[in-house]
Every structure is written in structure tokens, then in C-alpha cells.
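Visitor: I am new to protein structures. Could you walk me through this one, step by step?

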Amino acid sequence: MVINMVLATDMSKHMDHLAHLKTMVETRNISGNGLLDLEAYSERIQVLQNLVHCADLSNPTKPLDIYRQWTDRIMEEFFKQGDLERQKGIDISPMCDRHTASIERSQVGFIDYIVQPLWETWADLLQHECRDILDTLEDNRNWYQNMIPTSPIDIRSRQTKSLSMSENDDEKEERTRFSFTVTMDDADSEVETRVQPNGESRDRRSNNVHL
């Protein structure tokens, strides 16, 4: 049992554990009594595996000062791995390049896609026991979201988009300023209709005679 609990920390099994946990929550809700049936070994081991898995992914649920300390440590470990990979001329693993990786973005994504779904499902299983933990998790996620720097690339992208929109508006206005000539056979004259930017049209009759 202990071996199975430890193996549950393998992230390659994360989605399987989350799916089993959701099934347990749904089964308990269907039964209507709000109780877990832990008589069977398979049920007990799933609860214990998810318990250890949640503990392994609990760093973002801790007070912010503690959370930040451990985040900096794990990211420095990643960066050192990336430095060695760069020295050896091999591909740098995701989130291991200290020159391009964003700690803030990585934590927001980590919470959104891994930690929060797991802890919310665990909270559903335990009902009201995890409310404070989820509140702390949300606060920490918002803190890192607010700390994401605006990179020069983002600024240039917005400036380029703004310039492009401005140019498109100018082109759109130019397209509305056009004129065409309608030949009136019965009057041997022409009427030039000019469409203004506001959508109105003005007619100007000319006395040109076509031979």
C-alpha cells in the first residue's frame, strides 16, 4: 500500500488519479448519504493515493511567503538543468531556460491546469474541509497573475496592432470617397455622384455632350 501511495506522485499518472477522484465524488453524490464506501481496498488506495498526490502538489496552497520560497528553489533547479543542457548542446527542457522562461506565467499555468482542478475535486470529496485552502490557492494565483511583466514583445505587438487598425480605418475612409459617372441618354448629360464618408451622396450635373 505504501509503495502504491508513493508511486501516485508520478505526474504521468496525474490525469488518471484526477479521473478516479471525480468518479468517487460522483458516486458519493449519487448514493445520497454523503459517505464514502472504503470497505474495498481499491477505494481505500485511491483515496490514499490522491491524498499523497494532493500533498505533493500543495505548494501553491500554502501562505504566499512560503509558496514563493519553494517556487524560487524549484525554478532554480530547473534553470540549472537547462544550463547543463545548453552546455552539452542538447535541447533545453520546457521551463528550464532561464533566459526565456517566465516564473510568473509558469505558476499561473501550473495552478490553472494542474493544481486547481485536483484540489477542487478533493474539496468536493471532503465537502467543506478545504474552503480555506482553495481561498489561499486563488489568492496566490492572482498574485502571480498580477506579477506577470509586460514584455517589450507584448508592447511592440500592441503598438503594431494599433497602427494596423489605424491604417485600416484610413483605408476604409478612402474607400468611401469614390465617384462614378452615370450617362443620361435622354438628356445628353452626365450626373456625377460623389459619396461622402458619412454615407450621403451628392449629385452634380454636367453638360458634357457625347458625340
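Guide: Here is a short tour in questions and answers.

Guide: This is a predicted model, in which local features need pLDDT of at least 70, side-chain atom pairs count only at pLDDT 80 or more, and totals for chains, interfaces and linings use all residues. Residues are numbered from 1 along each chain as its sequence is written, and side-chain values use heavy atoms, with hydrogens and water left out.

Visitor: Which pattern does the chain follow when read along the sequence?

Guide: Helices (H or I, at least four residues) and strands (E, at least two) are DSSP runs, numbered from the N terminus. The chain has 7 helices and 3 strands. Read along the sequence, they give the pattern α-α-α-α-α-α-α-β-β-β.

Visitor: What percentage of the 211 residues count as buried?

Guide: Buried means under 20% relative accessible area, exposed means over 50%, and partly exposed is in between (1.4 Å probe, protein chains only). The areas themselves come from the Shrake-Rupley method. Of the 211 residues of the chain, the buried share is 25%.

Visitor: Is Thr71 buried or exposed?

Guide: Look for Thr71 in helix 4, which covers residues 64-87. Its side chain reaches the backbone oxygen of Tyr67 at 2.9 Å. The relative accessible area of Thr71 is 1%, so Thr71 is buried.

Visitor: How many salt bridges does a search of the whole structure find?

Guide: Side chains of opposite charge can pair when their charged atoms come close. A salt bridge here is a side-chain nitrogen of Lys or Arg within 4 Å of a carboxyl oxygen of Asp or Glu. Searching the whole structure gives a total of 6.

Visitor: How many residues apart are Glu76 and Arg98, which form a salt bridge?

Guide: The closest N and O atoms of Glu76 and Arg98 are 3.2 Å apart. This pair links distant parts of the chain, with Glu76 in helix 4 and Arg98 in the loop between helix 4 and helix 5, and the separation is 22 residues.

Visitor: Are Glu76 and Arg98 buried, exposed or partly exposed, and what is the value?

Guide: Glu76 has a relative accessibility of 32%, so Glu76 counts as partly exposed. Arg98 counts as partly exposed too, because its relative accessibility is 32%.

Visitor: Which residues are linked with Glu76 in a network of salt bridges?

Guide: Asp83 and Arg98 meet in a salt bridge at 2.9 Å, N to O. That pair also links distant parts of the chain, with Asp83 in helix 4 and Arg98 in the loop between helix 4 and helix 5, 15 residues apart. The residues linked with Glu76 in the network are Asp83, Arg86, Asp97 and Arg98.

Visitor: In which helix do Arg131 and Asp135 both lie?

Guide: Arg131 forms a salt bridge with Asp135, and their closest N and O atoms are 3.4 Å apart. Arg131 is partly exposed because its relative accessible area is 47%, while Asp135 counts as partly exposed at 32%. The two are 4 residues apart, about one turn of the helix, and both lie in helix 6.

Visitor: Which residues form the negative surface patch?

Guide: Asp and Glu count as negative, and Lys and Arg as positive, while His and the chain ends are not counted. Patches are made of residues with over 30% relative accessible area and no salt bridge, where like charges are joined within 9 Å, and the place of a charge is taken as CG of Asp or CD of Glu. The patch is formed by Glu120, Asp124, Glu138 and Asp139. The elements that give two or more residues to the patch are helix 5 (103-126) and helix 6 (131-146).

Visitor: Is Asp139 buried or exposed?

Guide: Asp139 is found in helix 6. Its relative accessibility is 52%, so Asp139 counts as exposed.

Visitor: What is the phi of Met95, about how many degrees?

Guide: Most residues other than glycine have a negative phi. Met95 sits in the loop between helix 4 and helix 5 and counts as partly exposed at 35% relative accessibility. Although Met95 is not a glycine, its phi is positive, at about 65 degrees.

Visitor: How far apart are the C-alpha atoms of Pro149 and Glu104?

Guide: Pro149 is in the loop between helix 6 and helix 7 (152-176). Pro149 and Glu104 are 45 residues apart along the chain, and their C-alpha atoms are separated by 8.3 Å.

Terms used:
Patch = residues over 30% accessible without salt bridge, like charges linked within 9 Å, V, L, I, M, F, W, Y side chains within 5 Å. Areas by Shrake-Rupley, 256 points an atom, 1.4 Å probe, with all protein chains shown as cover. Polar contact = N/O pair within 3.5 Å; in protein donor to acceptor, adjacent residues only side chain to side chain.
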